[in-house]
Amino acid sequence: TDRGTYVAVDLGASSGRVVAGRLEGGRMVTEEVHRFPNGPVALREGDRTVLHWDVLALFNGIVTGLRHAARDRRVVSVGIDSWAVDYGLLDADGALLGNTVNYRDWRTDGVPDRVFAHLPAESLYARTGLQVQPFNTIFQLVSAAGSVQLGAARRLLLVPDLLGHWLTGAEVAEVTNASTTGLLDVAARTWATDVTDGLRESFGVDAGPLLPPLVEPGTVVGTIDKEHLPGSSDVPLVAVGSHDTASAVAAVPAESTDFAYISCGTWSLVGLELDEPVLTEASRTANFTNELGLDGTVRYLRNVMGLWLLQESMRTWEDSGGADEDLDLSALLAAAADVPALRCVIDVDDPVFLPPGDMPERIVAAARAAGEPVPQSKAEIVRCILDSLALGHRRSIRTAAELSGHDVSVVHVVGGGSQNELLCRLTADATGLPVVAGPTEGTALGNLLVQARALGDLDGGLPELRGVVVASVADELRRYEPPSSRLDWDAAEARLPTP
Ligand code: ADP
Ligand code: LRH
């Protein structure tokens, strides 16, 4: 029997995709129906330049994708996920106040310390369990204190909820993504009113009234306006794990519970799935985050700078003139594989790498400052990035296991980066654990499975959903065993600054 087609909208920092999925004999069969680019847009604002997202282009991409999906399929539901923390503000008429600011904008430089002077980092961590990243929503709001837009705002909607609002009129905050704001009580899964009270008293930022009601993944939040799905009637918008990383983790093809995951794309999100947050002082100082997952789970992880380093390096090289074949990703990776391992390693978590810019130059400067051999060629720079990311993966998995008291016997790498064989091989080598790579579009799969379950077409918890993942992507998975003769990762790690 044809249950119809679920449509996942998955917006990454580097591209947006619309994926149609159908259940067939216990498998979720997927087809990408539309893909469009995404990236920062630098725009003058008074006397400075602010990085934005082109949120209207994203909306257009979604609408086009829905149209493609509905052309010869019966669409029965839609779900949206995106990167975390960013938001749009609506005024009292429901109009968008300005473009969504990109989390890599420098407006939050120095803001965390200003906040901690009033709201101590220890008590914020105890309440929210959230890592300190300058771009957390709480810091973005404080950086906007006193602005005309914030003064006129009536509603704050995170990116997936904003796009969903434009499709349906609903105003909600899906809880997995809300857990990245710094405004959520991680244990209660409710807004942290003591934090919003503190923001009002210390910074005059009255965020509390802007925050919409929270919903858990699986909630039907509204009906897609007919103009966007002509021919279909009453298609529900389902709140999925609207934080892309939550959907990615839900679709890890794990067959046991002692797995670590790396959601590997623009970022490497490296960690474990837990039942309870870890709110210890050691966890806070290691900057581990407790973000919320499906079905009451906690995503205990660290943000490792990820393939952003490679994306931005390639962009720099492209901008500086040569659209030659050197800039083909697979050719670059093949050349990097021939460079000797661990010659130059850098601390990828250094905040200098966060904003857009000349990444090769920053990498060279970081190597020079640390007394590492300076990479010369493109291949050497790429090799330095991948060796250093593998070190970041290794350190994060080990620390996650230590801080949570959990064992890890396998590492699942999902997302676009799971196609990077060299990085997967290095990660197996660095961690001393088998790596299972794939699926590439796990986030979309996690999004689709939550819709199917919400519609009553699937039963069970995460183990059952993961069973469907395994059945759906088994052919796509690649396994990398840690080699018996190992490179000296201990010595390489010792060359990095201690965290
Ligand atoms: P995001 O969701 O953050 O936009 P993705 O999960 O789409 O990111 O991953 C994008 C990354 O995947 C790219 O930066 C690139 O490094 C990597 N990638 C994409 N395709 C390939 C490929 N064929 N081989 C190796 N790496 C790839
Ligand atoms: C990955 C991601 C990550 C966040 C970052 C802002 O796309 O959602 O989990 O930390 O974007």
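Strand β1 (residues 5–11) is mostly covered, with 7 of its 7 residues buried. A residue counts as buried if 20 or more other C-beta atoms, placed from the backbone, lie within 10 Å of its own. Strands are DSSP runs of E of at least two residues, and helices are runs of H or I of at least four, numbered from the N terminus. The model is predicted: local features need pLDDT of at least 70, side-chain atom pairs count only at pLDDT 80 or more, and totals for chains, interfaces and linings use all residues. Residues are numbered from 1 along each chain as its sequence is written, and chains are lettered from A and ligands numbered from 1 in the order in which they are written.

Both faces of β1 are covered. T5, V7, V9 and L11 point one way, Y6, A8 and D10 the other way, and all are buried.

β1 has two strand partners described here. Pairing requires at least two DSSP bridges between the strands. With β6 (residues 75–82), β1 pairs in the parallel sense over 7 bridges. Here A8 stands opposite G79. With β2 (residues 15–24), β1 runs antiparallel, joined by 6 bridges. V7 has A20 as its bridge partner in β2. β1 and β2 form a hairpin with 3 residues between them.

Ligand 1 has 15 residues around it, and G12, S14, G265, T266 and G416 come nearest. Residues qualify if the C-beta atom, placed from the backbone, lies within 6 Å of the molecule. The shell divides into 4 nonpolar, 11 polar and no charged residues. Nonpolar means Ala, Val, Leu, Ile, Met, Phe, Trp, Tyr, Cys and Pro; charged means Asp, Glu, Lys and Arg; the others, Gly among them, are polar.

Conventions:
A residue is buried if 20 or more other C-beta atoms lie within 10 Å of its own, exposed if 12 or fewer, and partly exposed in between; C-beta atoms are placed from the backbone.
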